[in-house]
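Please give a short report on this structure for someone seeing it for the first time.

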Amino acid sequence: MSQSFPGDALDDTPSRPLIAPLAPMLTLREEYVNGSQGFVKQIDYLISEGWIGVRRTRGDGDCFYRSLAFAYIENILNASDTMLAATGALSVLEASQPQLEQVGFQRLVFEDFYDCLAGLINQVISPGPDGQVLNINTLLEAFNNPEVSNSIVVYLRLLTSAEIKTNPEIAAFLIHPETGEQMDPESFCNNFVEAVGKEADHVQMNALATALKVNVNVAYLDGHDPQGKVSFVPFQNAPFTFLEPVNLLYRPGHYDILDRRDADPIPPLLVQ
Amino acid sequence: MDARLRRVNKEIADCKSDKSSRVTIDLVDDNPFHLIGAFDGPEDTPYEGGRFQVDIVIPDNYPFQPVKMKFITKVYHPNISSASGAICLDILKDAWSPVLTLKSTLISLQSLLCSPEPRDPQDAEVAKHYMTSKSSFEKTARYWTMIYAGGPGEDGAGRPGKDAAKDEIAMAGLDRAHVAQFEALGFDRSKVIDVLRRMNYRGANVANINDDRVVEELLK
């Protein structure tokens, strides 16, 4: 973890892993006990609703994409029919390649990123180079390898960009985050989607959920709800998916993964 | 093979197979992570007819980190340091994306030559020159293109010969009469050129600068 990436400096805890093992929600609560009681109340609400676990990600501007990618692959891994889930996901990805070329990305710039993501999903159903199928430990390992992890993040950024550039319904929502001015899809994507470390907002989240054909629920923690409740914003763009929705936890400027378990399962012993 | 090397090799091959852009990338000492790129000065600009070389260093985390580029060929441009060749361009900094390639980045540098951004300068003196008198700036940029990049120069004849001395007044983008005026007071020509250049003694700005202030600077 000695490598540094653009955005690392933004993180107050640069030693945080890119994606951490699942931890009890109570660990997050402890961080607020002596601070904002608004957040504590909202965390208690989440716990009472059964969201007892959180998987933390590094705050490097890529956290939305990285969280979504991890939760997406983990959902494939945990699907009741992994074969159906993995082949479904792979066919969506396969079809995305010509779309990327159509909006002007050269194959040579995205094929390595694609191979990384598709390779990992394929490993859910067929043994990888190490002779093993994917389990939660090897998935965590892959996502903490900066090259693999960042390749996957970039591929999701490109999918997001291609969706924004080809979906005319999105055009009206392309607003410069600072000036509030309307932007054309090309410059919006150049500056706020394709660039490394640029955080995602609703437009990007919606576009990516559509492109990946995955439903996403985001729990917004802002510390301001008078009743201490948490609102979930659904990005339901995949009516016919085999996958469970991805659940993310938002705190101002950052995304983590929300879970109904408070620890990662111990992978079953592998047959020699 | 290491992913970075695989990507760079693909990019170099892609650039070689494309003859239409006239962008070239060559290895320095067989090191695939230290390269020299080159492209033509864009048409209808003071850089037209010149060939510009760029030093390229591929960082360890490429393509997740931006490629490092600076001009080897000296360029007179508000966003390029006239001394070091350092470049001020967003995609080389926080707007970098792994979808950019060596070729597309070099083409962006070519576009930068077409559209200077003097309000976000790398070379403040050149930017001031540009904003004071665009025609004088262009004349100087054209002269630099002739001297350093093999451009045709003002009269289209090109550089008078390798040994011919550079005209320091033209290099600094100054008016001959202004230089002569202060030389006549007994100051050394190179000192006069240096001071007038730093004070942006050009075009309409001349009226804002008192002669006494120039002399004061010359005496420092």
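## A buried tyrosine and its surroundings

Y65(A) is buried: 28 other C-beta atoms lie within 10 Å, and 20 or more are needed to count as buried. The model is predicted. Y65(A) belongs to helix 3 of chain A, which covers residues 63-77. Leaving aside residues up to four places away in sequence, Y65(A) touches V153(A), L156(A), R157(A) and A200(A).

## Two crossing helices in chain A

L156(A) also takes part in a helix contact. Helix 7 of chain A spans residues 146-166, and helix 9 of chain A spans residues 202-212. Their axes come within 8 Å. They cross at roughly 95 degrees. An angle of 65 to 115 degrees counts as roughly perpendicular, so helix 7 and helix 9 of chain A are roughly perpendicular to each other.

Helix 7 of chain A contributes L156(A), L159(A), T160(A), A162(A), E163(A) and I164(A). Helix 9 of chain A answers with V203(A), Q204(A), A207(A), L208(A), T210(A), A211(A) and L212(A). By class, the residues of this contact are nine nonpolar, three polar and one charged.

## The sheet of chain A

Six strands of chain A form an open sheet with mixed pairing. Their order is 1-2-6-5-3-4. Strand 1 (23-24) and strand 4 (231-235) of chain A are the edge strands, each pairing on one side only. Strand 3 of chain A, residues 216-220, runs antiparallel to strand 4 of chain A, and five bridges join them. Within this pair, A219(A) has F232(A) in strand 4 of chain A as its bridge partner.

Helix 3 of chain A, the helix that holds Y65(A), packs on this sheet. Helix 3 touches strand 3, strand 5 (246-251) and strand 6 (254-259) of chain A. The direction of helix 3 makes about 20 degrees with that of strand 6 of chain A.

A UniProt record, an unreviewed entry, places the feature "domain: OTU" at residues 52-261 of chain A. The end C-alpha atoms of that span lie 6 Å apart. The span is 49% helix and 12% strand.

## The sheet of chain B

Chain B has an open sheet of four strands, in the order 1-2-3-4, with antiparallel pairing. Strand 1 (24-28) and strand 4 (68-71) of chain B stand at the edges with a single partner strand each, so one side of each has no neighbour in the sheet. Neighbouring strands are turned by 30 degrees against each other on average, direction ignored.

Strand 2 (residues 31-40) and strand 3 (residues 51-57) of chain B pair in the antiparallel sense over seven bridges. Here D40(B) stands opposite R51(B) of strand 3. Two helices of chain B pack on the sheet, as listed below.

| Helix of chain B | Strands of chain B touched | Angle with strand 2 of chain B |
|---|---|---|
| Helix 1 (residues 3-17) | strand 1 and strand 2 | about 30 degrees |
| Helix 2 (residues 102-114) | strand 1, strand 2, strand 3 and strand 4 | about 35 degrees |

## Where the chains meet

How many residues of chain B are in contact with chain A? There are 15, in contact with 16 residues of chain A. The side of chain B that touches chain A has six nonpolar, four polar and five charged residues.

How values were computed:
Residues are numbered from 1 along each chain as its sequence is written. Chains are lettered from A and ligands numbered from 1 in the order in which they are written. This is a predicted model: local features need pLDDT of at least 70, side-chain atom pairs count only at pLDDT 80 or more; totals for chains, interfaces and linings use all residues. Two strands pair if DSSP finds at least two bridges between them. Axes are lines fitted to C-alpha atoms, for helices over the stretch in contact, and angles run from 0 to 180 degrees between N-to-C directions. Two residues are in contact if their C-beta atoms, placed from the backbone, lie within 7 Å. UniProt positions are given in the numbering used here, feature names are shortened, and annotations may be inferred rather than shown by experiment. Ala, Val, Leu, Ile, Met, Phe, Trp, Tyr, Cys and Pro count as nonpolar, Asp, Glu, Lys and Arg as charged, and the others, Gly among them, as polar. Angles under 35 degrees count as roughly parallel, over 145 as roughly antiparallel, 65 to 115 as roughly perpendicular and the rest as oblique. A residue is buried if 20 or more other C-beta atoms lie within 10 Å of its own, exposed if 12 or fewer, and partly exposed in between; C-beta atoms are placed from the backbone.
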